[in-house]
Each structure stands twice: as structure tokens, then as C-alpha cells.
Amino acid sequence: MYLHTESRETTTLDGTWQAIPDPYRSFQDGWFDDRDVPLLEDPHAPADYTVDDGFPVEVPGCVGEQLPGFEYYEGMVWHTRRFDREDNGDRLFLRFGAVNYEADVWLNGEHLLTHEGGYTPFSVEITDAVSREDNLLVVGVDNERREDGIPAMQTDWFNFGGIFRSVDLLATPETFVRNVKVETSVDETVTASITAWIDGPEPGDVHAAIPGLGAEVPLEPDDSDGALTRLTGQITLDRDDVELWHPDDPRLYDVCVESESDAVEVRTGFRAVDVEGSDILVNGESIEFRGISMHEEAAGRGRALTPGDIDQRFEWVAELGCNFVRLAHYPHTAAMARRADEEGILLWEEVPAYWDIDFGDKDVQELYRQQLRELIQRDWNRPSVALWSIANETDPEDEVRNRVLPEMASFARELDDTRLVTAACWFDETDDGLALLDPLVEHLDVVGINEYYGWYVGDAGDVRSFVDDPTGPPVIVSETGAGAKWGNHGDEDDRWTEEFQAAYYRESLEAIESVEQIVGATPWILFDFKSPRRMNPHQRGYNRKGLLDEHGRKKRAFSVLRDHYCDP
Ligand code: GCB
């Protein structure tokens, strides 16, 4: 179960760590065995590495962006640091925001945890392993791609390695509130169904309150699993008494959960997202999704975004007139969703089940569920999140995929059935025009379609031939785009020019607009991003489909999309 840290005081372990690249994995097997420990501790020993004298790197950070010569490195990098314990809590947890891709956590020579999956948070209790002073924390960070990984061997983005989100210590009482879920529904009344998980021997009395609405409810135990007790309760309010969360007016409320020994707060909003025919409704009203896709990347920092990077993203989104963002192709920092809550931006969040995943492998299926769980439990209180996307461009002819993906859609709904489940698929070309034949479609609430008519195939505007079915599921064009090098000008027919890209946008947006069943789009993509598979002279290691380049310089298509959204 996810460890809630949102409203809590934590001690940060961010800052300068030591990084020791280990491409031959020569330290891996003997890191803490009897032979090596003296080497680690004796500064005069003939050691090839010492835990205190790696290359200094900043955490959060991506290794390749910080160590000259390691830009495209994929493999093991040991990360180490020492810390003193400063809290007086009964229990202490170590929490990582994200480590790409596998993390092996050692504290004072004791192996505590291996975590696979590069974009979701994880934590481990260290109460029995921690000392008051001079704790040695060693994290093996391995970003080598693997056949049985999620993602697997091929992606159209760079595999930045590192501890690229914050590391914190969280001290708690013996029994504490581990996590909270607030599910809201909106009809004649507004309901908040609150679930709390209490970790520890004495759950005692627990209640939930929404001070801004003068509402309170005791939570009753309804399940117990070892040390974890689940409690639930409901608050029902008159619709007139609540200001709903909506992109035009993103009202937020605090929900407080208090046990006898602990208390946490969740900042959330009341809203409902539903499908009716081929419309998506927010609080019962049909809404058009004016979106854009983005990767989590900042020039020179990889995926380790600063607060300034996040501000900048939301400024661009506001300038474009968007009310919707696709956070592709993996979970972005939780700060994006918190900010989207405040700004009234709807989100599509996704796990990196991208292209060729080994869906038949049971361990991969478990890893898939784990990644869905870690994302959904992290963000299920964010009113901005409207869609959970379970996959991107997976093969509709693959029978194993067609069995496993519906299971993952059900799993996402089991965790949270107040959002819509989607996946990015393709159109099928038939004699009558474009159609939705992918068997996955019937298991989705909303169908995402990636289409590049006018770039990879066909002509911009071919989407017009879609066999519109006003009773079919809502469709979002989750990708459409063309490459252009910033500053490269020419004729509208010349690929890689800004003019070509702008013309592509004009045609494609008009075609998308003409199809009833399409309720929105997240064109590909806000800014250029690193991709080792893109090496032509215009690309040189970057996917150039951005509306901005990697330095934030606008291409002409930026204003085409802005005019489309702001001045239709
Ligand atoms: C896609 C992928 C996306 C790529 C994009 C492209 O369909 O989903 O990850 O970056 O196309 O630029 O080709």
C-alpha cells in the first residue's frame, strides 16, 4: 500500500550524493561481503571504489546529464550517501519518488529492498536498520533495458537513469494513517466515500472531516490484512452546498483523516467523470478535451524537473488554451497532477506498457499490475486525473495481448472506478474508411487513437474518412504530429520545415474537428525530446515533433494549435 506523504513533514535526503558507475558490475556481488567491507572503510586500502568518494551528483537528478561521458550510459550506477537520524518517531520510512529503472536499497550493509519500475514511488520501513548517526545508504540504480521490463527494449524516448525524484524520510507513530482514498460522485447529491488504511497494532477510533463544508463522519473498519486495517465512511452533501471541481473553476477542499495517534490531509475536489454515448461528461456536462501531450523532460536535467520547469509547462498549456494534458508515456512527477488540480487541467495518466511488452510472462503481468497500482494509489485523490491509460500502441493481432489488456483494464477499475480507462490504439483502414476494429476497444471507456496521416502515411486530413458512429465510444486523438526543426523555414511541402508542420496541424485539426465521435485531442507533442532512434540531420538524437524545441523556442505550429483552441 502506497505511503501517503502529501501533507506530512518529511526529512529530505535530496542533495549531493556520490555516484559510482559500475558498467562491468564488478562491485555488485561483493559490495558488502566480508572481503569488501574493510576496503570500503579503510581509506588507505587499495580500493577501486569507496562509498564516500564517487562522483558527486545531485539527487533528484539523472546521472547521464551530470557525469561527462555518461550521456547515453545504460547500466549500474551505485548511489551512496550518509545521514544522521533527526526525528523522534516510533517508526521510520525511507521513500523514493522514482528511480529509473531498478533500485536495490541497502542501509548500513543490510539489503532492504529491490524495486523494479522507473516512474512510480516506493518506500521501505527502516526502523530496525537505522542508527542515530552516520547511516550509510547505498542504492544500486540500474537502467539497463530488459526484454521482460515495462517498458521493454524499444521506446521512442531516452532511458534516463538515476534517482530523479526526491528521497525522503518519514517518521510516524507506532500506528499511523498509511493512505487515504477519497472517491466522489455527483448527482442530485454530492458524495465523498472515504477509505483510510491504518498501519499498526491499534487502529482505534478514526474519523474523517471536510472542515470547509462543516462535515464529519466516523470511519468503520471493513477489512484487515495483518497490520493494515481498512476503514470506510461516507459524507453526503446537498449539491448546492458544494462548489464542484471543474476545469473552469477548480475548487479544492481539504479532507482530514484523524486517528487516535495520527492525522493526514488530502487536498481534493468533488467531481464526476462519466461517459454517455460518445461524449465524456464532467459533472454531467459534455466537455471538449482541448489537449496536448508531453514527456517529462527538461534540457540538461533529463526527467528531474524543477519547480520552475513545472511552472513553465503550465504556462505553455495556458497559452495554448488547453484544458487537458496527456502525460506520456509513463507516470510523471506527482507535482504535475497537484498543479493540474489547482489550474483546472484534466489529465490522462499512463503506465509505460509501450510497444513490445512480453504480455504472456506472468512476472511481467505482475509488474504491470504493480505499476498500475503504484500510479493509481499515488494519484487517486487528484480531481484533475480523468483517464487512466493502460497501454500505448500494442499489437491488436496478438492474442495474448488481447487477453491480458482487458485484465489490466479491470484491474485499474478495481483500484479506482471513478476514472475512465483508456489506451492509445490505431485506426483500421477498411474499404469504407477508417474504423475501430481493435478487440480492446470494447474493454475501454474512451478510445485513444494515435494517427500520423500526412506524416508517416496518407495525407493530413485522412481522419475525415473515419466511419463516425455517434453511438460508439468517445474517441480522443491521443497523438497526431509532424517533425520540424526549429528555425528551418521553407515551403509547406518541405518536410522538417516549420511551415510543413504548421500546414499539417491546420489540416489535421480541421479533420479531427469534423468527426462527431472525436471529443478531443492531445497532439504530439509540446516540445522536442531526446530519442536515440532519431538521428537524421534534422533530429540528431531528438524527436522533432514538438511545438517548441527542447530549449522552449516556439515553432509556427504552436500558434496554429493556440488559434484552434482559443479562436475556433
Ligand atoms: C507514436 C508513439 C510515440 C512516438 C511517436 C512518433 O506513435 O506513441 O511515442 O514518439 O509516435 O513521433 O513517431
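pLDDT is the predictor's confidence in each residue, from 0 to 100. This is a predicted model: local features need pLDDT of at least 70, side-chain atom pairs count only at pLDDT 80 or more, and totals for chains, interfaces and linings use all residues. Residues are numbered from 1 along each chain as its sequence is written, and side-chain values use heavy atoms, without hydrogens or water.

**View 1. Confidence along the chain.** The protein chain has an average pLDDT of 95. A score of at least 70 is reached by 96% of the residues. Over residues 31-39, pLDDT stays under 50. The model has 20 contacts (heavy atoms within 4.5 Å) for residues 31-39 beyond four places in sequence.

**View 2. Helices H5 and H6.** Helices are DSSP runs (H or I, at least four residues), numbered from the N terminus. The axes of H5 (residues 362-379) and H6 (residues 399-415) come within 10 Å and cross at roughly 30°. Axes are lines fitted to C-alpha atoms over the stretch in contact; angles run from 0 to 180 degrees between N-to-C directions. H5 and H6 are therefore roughly parallel (angles under 35 degrees). H5 contributes Gln365, Tyr368, Arg369, Leu372, Arg373, Ile376 and Gln377 to the contact. From H6 come Val404, Leu405, Glu407, Met408, Phe411, Ala412 and Leu415.

**View 3. Helices H3 and H4.** H3 (residues 307-320) and H4 (residues 334-343) pack at about 45°, with axes 11 Å apart. Ile310, Asp311, Arg313 and Phe314 of H3 meet Ala335, Met336, Arg339, Ala340 and Glu343 of H4.

Key. Helix = DSSP H or I, 4+ residues; strand = E, 2+ residues; numbered from the N terminus. Parallel < 35°, antiparallel > 145°, perpendicular 65-115°, else oblique.
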